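Grab the coordinates and follow along.

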Amino acid sequence: MTNNTSCSLPGLQCGEVYTIGVSGVDDNCTGQLSDTVSLNTEPCSPSNVSSQRMCSAATAQVSWPPSANAVSYTLEAISSGQNLTCSSSSPNCTLSNLVCGQAYDILVTATDGTCVSNYSAPFRQNPVPCPPEDFSTSLMCGTNDATVSWNISSAVPLNYSVAAVPLAENISSVLCQTSSGSCRLIGLQCGETYNVSVKASSGSCSGQFSPPQTVETAPCPPQSLTAVTDCGTNSVLASWNASVGATSYAATVMGPNGFSETCSSSNLTCSVSGLQCASQYNVTVKSQGNCISSPSQTVVITGPCDPINVTSVLQCGSDAATVSWEAAAGAVAYTVLAREESSPYYTSCRSNMTSCQLKQLQCGKVYNLTVIAEDATCNSTGSISTILMTAPCSPSIQNSSLICGTNSSSLSWTPMADVTSYVVNATAPNGHTVSCSSATATCTLTDLLCSQTYMTTVIARGSQCDSAPGSSTNITTAPCSPRIVSKQYTCGSNTAEFSWTDPVGHLSFLAQVAGGGYQDSCQTTNTSCSFHNLPCGLDLNVTVQAQGEECISTPSVSESLETVPCAPQNVSATLVCFNHSALVWWVGSPGAVGYNVTVTGRDGHAHHCHTNTTSCPLPDIHCGETYNITVTPYSETCTGQQSAVYIFKAGLCAPSNVTVSLACDDSTVSWSHVTGAEMYIATATANDGHNHTCSSNYSNSCNFTDLHCGETYNVTVVTVDRGCWSEPSSAVELRTALCPPTNLLGQVSCDDNTLSLTWDQSQVSGTNYTLHTERIGTHTPSVLTTSNTSHTLTNLLCGQRYAFRVAAQDGNCRSSYSPPIEISTAPCQPTNLTAHVDCGTNRGNFSWSESSGAAFYTVEVTGEHGHVTSCSSNDTSCAVRLPCGREYTATLVASTNSCNSSKHADITFESAPCLPDDVSAKLECDTNVMNVSWAQTPGSDDYTAWAISTDGHRASCNSTSNFCSIHDLLCGKLYEVAVTSSSIHCEIIAGSDYKVQSAPCKPENTTVEENCSSNVMTVKWNEHSSTTQNYTVKAMSASGVNSTCDSTESRCSFLNLTCGQLYTFTVMGHTNVCMSEMSTPIEKLSAPCPPTNVSAGLNCTTLNAVVSWSSAITLL
C-alpha cells in the first residue's frame, strides 16, 4: 500500500507470470480494481543440458528442458582452441564446425527479450577423432591393388578405415580397415581414377575423412567408342573415352569399294574425310602405351544426299508457305530452313514426306529456302536453295487523338511500301464497332460511344495479299459514370473491397462509404478500393465517381454493405426441465441473420445449433456433463465475431440401485447417492397411468404415504438439479394393500336427529369392515366391525358434529380408512340477540350467544317502512348499513349446510339518528389544518366536526355556524370526517365514508450507505406515515450535477453516481396534494475512482517489480 503513484514488489520468483491491478482507497472504503496488467519475470537458468555428436559432420545437437517465460536461448561451447556460440528460440541448438580432437564445455542461458538468466551448469562434450595426416599410396600394375600407409600420432588407440571412391558413378567403392598404420585396397578396376582417403574412429564416433589423394589404375581398352558423320563434308569423326596409361590411339575406317584409311592420334578423336553420302563404314580403335589394347569397334552410316527441285507456294492471309522437293537417297525426314537475307534468324519445318509447310514467316521479307535431308544421325549438306517473298507487314498506329464533344478520334500510322490503301477497325468491349478507310496514313473514326475503350487496328492492302491487322491501340472515350461491379467484404479483418467499371478516359475515382453515423472515403486511380477496420454491425451505402481530365462523373448507383455482425453479448444458458435439454440465449447482434451455437462437452460430445433468433435449444445433452458454449453470428455474407465462452453444467444423472420395501400403510423406496443433487423425487406409476411421488433433500430414501390401494406400481427415482428432473431410473415393481371402501355416505334426519350410513362393497370376497365413529370435540371414538355395508345411529343430540371413516380388512392387512365424512345434527336454537347502532357510519351492529352445532348465522332486519335487509356470519356478530332515524325488528336463525335451527324471538330497535349532510373538508398543507363545512339542521345551535384516523387518533372543532377548522392533526394520517350537533344524541361518532389525508411527514434520521465495489449509494430514513406516501431523494454533487430517485418505501438507491465526488442528499415526502418539509441535508463521498494507466516493470537483477499508475480523481 502506498500514497504515491508507484510501488515496488520485491522477492518475485523467476519464470512466473504475475497479474497486477491497483485500487484506490480512502478513509471509508476501497474503490474498484483498475484494469490489470501482466508481468513476466526473467526465465530460470536452463538445466539438464545434454548433447548428441554427429562425428562425421563435425556437429553436435544440444538440448535441454524449456524454461518458463523464455523466448530464446544462447549456447556457448568453450574449448582450449575454439569457442562456438549458437542461438535458438526452442530448447535445442546445433553446434557446427567442431574442431577434431577438442573437448568442449557447454553453457546455456535463457532470455525473455529483456532479462537474461544465469548460466546453466557446464556440460563436458568429448572430442571428435582427427584423421591421419600425410598418408601415401602405392599401385601394383599387374593386379591393380593399392597399398595405403600413414603415421600414427594419437596416444589413444584408434581404428582406421580407408576408402577408395571412384570418380565414375557406376563403380563400387573399395574399402579396407585396420588398427595399424597401413591397409591394402583389393579389387580396383582398370582405367579408373579413385579418390583415396582415411578416417579414424573411437567407439561409435567416426571422424571425418582426410583430404583425398587421386590414384589411377592401369589402362583399359578404349571405351564408349562413337563415330559421327560430319553431315556437311561427308567425313567421319571417331571419339572414345580415355584409357588411363595410354599414350596414343589408332583408328581405322573401312567402307564400300575397298575403302580403308587409318589415322593415329594422341587425342581421343580422329577424323576421316572423302566418304560417299548414304553409305555404311566400319570403325575400329586401339589404345597404345607399353602395350596395345584389344580393339573397340562400331559402325557408322554417312549422311543422306541433298534434295533437288525445291519449289515454294505462299499462302496469302497467313504466315505460312508450302515447300516441295524430290526425294533424296538415304533420307528418312527433311527439314526446311527459311533464312532472311543478312539475318542470323530463320524459321523451319520438318516432314518425312517431300513437302512441308513453313509457319511464322515474317511480313515483307525475302527468305532463302534450303531443304536438308536427315537420317537417324546426320543431315545433308544443304547446298541447294531458292527464294521466297512474303506478304507486306501490318501498319502500327503511331498516334491517336480524341476529338472532344464529337465522339470522334483522329489516328495516324507509319506508311507501308507498296500499299494501295488502309482500313482502320475499332471494336469496343460491348461489341460496338466503327471503321474508316484512307489512301494516306491518317483517318478519323466517328460515332464512338462514351466510357469505352476501343481496340483499334490498321490493315494495309497490297497488290496480291492484305497484311494481317497491325498491333492494336486502345482509344479511350470520355468517361461515363462508373458502375460498381463487385464488393467483397473480408469478415475476419472487417475490410471491404469494392471494384467498379473502368470508364475509359478516367483520371481517378472517389469512393465513399457512409451509414449509421460512420463515413469514410478513398481517392484512387485504380478501379478498386479497400476500406479497413470498418465498425461491426453497420448497414453502409457505397458510391463511386469517376474524375476525367476536365470533369467528374455523377455518383454511381449506390451499393449497400452490411459489416460483420458484432459478437453476441450476455450469453447464458438454463436447463429446460421438461425435455432434459438446455436453452441458450443472448443479446442479438445488429445485422445478423442467424447464429451458430457450438456446445462442446468435456467428454467430447459436441452439439451445433443454427437459428435466426437470439435463443437456441440444446437437446440430447449428457447428464452430469460440463459444456463450453459459444455463439457466432452470421449475416448474408459473413460469419461474425465469436462470443465469450459460457460454461454450462448439464443436469445430474438418475440414481441407481433403486429398491422398495412393502408395508400395509406406507412403502419406502431407497437408492444410491448422486453427488450434487438438490433433491430426489420417487414416482410410483400404476397401470392406469396415475402416479404418486415422495421426495428427499438429504437422505437416499423416502416414503410413499398416498399410494392407491390394491394397485401394482412401477417405481422410478429422479435427481433434481436447479429445479430440473433427470431422466428416471430403471423401474422396480411395488404392490399395495387393499383399498378402503368407497362412497361412504350419511343422511341425517333434522327432525329427530337420526343418522344413516352406507358404503360400497369390496370386490374381494370375505371382506369385513371397520366403522370408526368420533363425536368432534370428544376423545372417545367408537369402533364397530361388521360384514354389512350400512349402519344407523339414533337419538343424537342437537348441535353435534360426527366424523365417520370405514376400512376394509382381509387376512393380511387392514386397508387405510376411507376419507372421513363429517355430518352435523341440526344446530341448537341461538340466544341473547342484541342490537346497537353507530352514529356517522349508520351501521346496525348485532351480537348473540354461540349456538352449538351452528356453521353460520343469519340475521334478518325489517323496517317499519318496509325496508328488508340481512347479514350472515360464521361468528357471533354481524352488521348492516341502515337508513338513519327508522324503527326496525330483527330475528336470528342458526344453520348448517343441511339443517336450520328454530328462530330466535324478534327484537325491536331504532337506527342511528341523522347527522348534518353536505360535509366538505379541505386541508391547508403548510399548517396541517383541516377546514370543514356542512349544511345546518333546523333547531341546532352547536356543532362538532370530528376527524378520526384509521389508527384511532381523534381531533375535533366546535362551531355555532356551518364551518370550523380542526387543528392538532397528525402528519401522514388518513382521517374520516363527520359532523354532529347538540340536538343529535349520539354516544360517540365512529367515523364516516368521507376521508381526507393529512400533510406528509418530514423524513427524519436520514443515513447513506455505500457499496464501494459497485459505487451504489442507498439513502434511508424513518417514516411516520400510516398510509402509502411517495418520496423524492435528491443528490447534488460538488460540481453541480443533480440526480433524483423516487420511492414509496423508506429507502432509495442511486446506481450511477460519479466516482470520487462529494454529494449532498435530501429527502422530501409528498402526496397528490401536499409536500413535506425537506429532510436535514447529509453529505457523503462516493467511492474512489479506479486508477488508470497501470503499468509494471521488472528489475531483472533483483526480481523486484515496480508498479505505477495515474492517481484517481476525487472532487470535493
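What follows covers one leucine and its surroundings, then some charged pairs.

Keep in mind that this is a predicted model.

- Leu 538 sits in the loop between β46 (528–531) and β47 (539–547).
- Is Leu 538 buried or exposed? Its relative accessibility is 17%, so with the cut-off for buried at under 20% it counts as buried.
- Leaving aside residues up to four places away in sequence, Leu 538 touches Gly 515, Gly 516 and Tyr 518, along with Leu 561, Glu 562 and Thr 563.
- One of those contacts, Gly 516, is 22 residues away along the chain, yet its C-alpha atom is 6.3 Å from that of Leu 538.

**Salt bridge between sequence neighbours: Asp 721 and Arg 722**

- As a bit of background, side chains of opposite charge can pair when their charged atoms come close.
- Asp 721 makes a salt bridge with Arg 722, with 3.0 Å between the closest N and O atoms.

**Salt bridge Asp 993 to Arg 881**

- Asp 993 and Arg 881 form a salt bridge whose closest N and O atoms are 3.6 Å apart.
- Which parts does this pair tie together? Asp 993 is in the loop between β83 (974–981) and β84 (995–997), while Arg 881 belongs to strand β75 (residues 877–881), so the bridge joins parts 112 residues apart in sequence.
- Asp 993 comes out as exposed, with 56% relative accessibility.
- Arg 881 is partly exposed, its relative accessible area being 47%.

**Salt bridge Lys 973 to Asp 951**

- The side chains of Lys 973 and Asp 951 meet in a salt bridge, at 2.7 Å from N to O.
- This pair also links distant parts of the chain, 22 residues apart: Lys 973 is in the loop between β82 (963–966) and β83, and Asp 951 is in the loop between β80 (943–949) and β81 (954–959).

Notes
Residues numbered from 1 in each chain as written. Predicted model: local features only at pLDDT ≥ 70, side-chain atom pairs only at ≥ 80, totals over all residues. Heavy atoms only, no water. Helix = DSSP H or I, 4+ residues; strand = E, 2+ residues; numbered from the N terminus. Buried < 20%, exposed > 50% of the residue type's maximum accessible area, 1.4 Å probe, protein only. Contact = heavy atoms within 4.5 Å. Salt bridge = Lys/Arg side-chain N within 4 Å of Asp/Glu carboxyl O.
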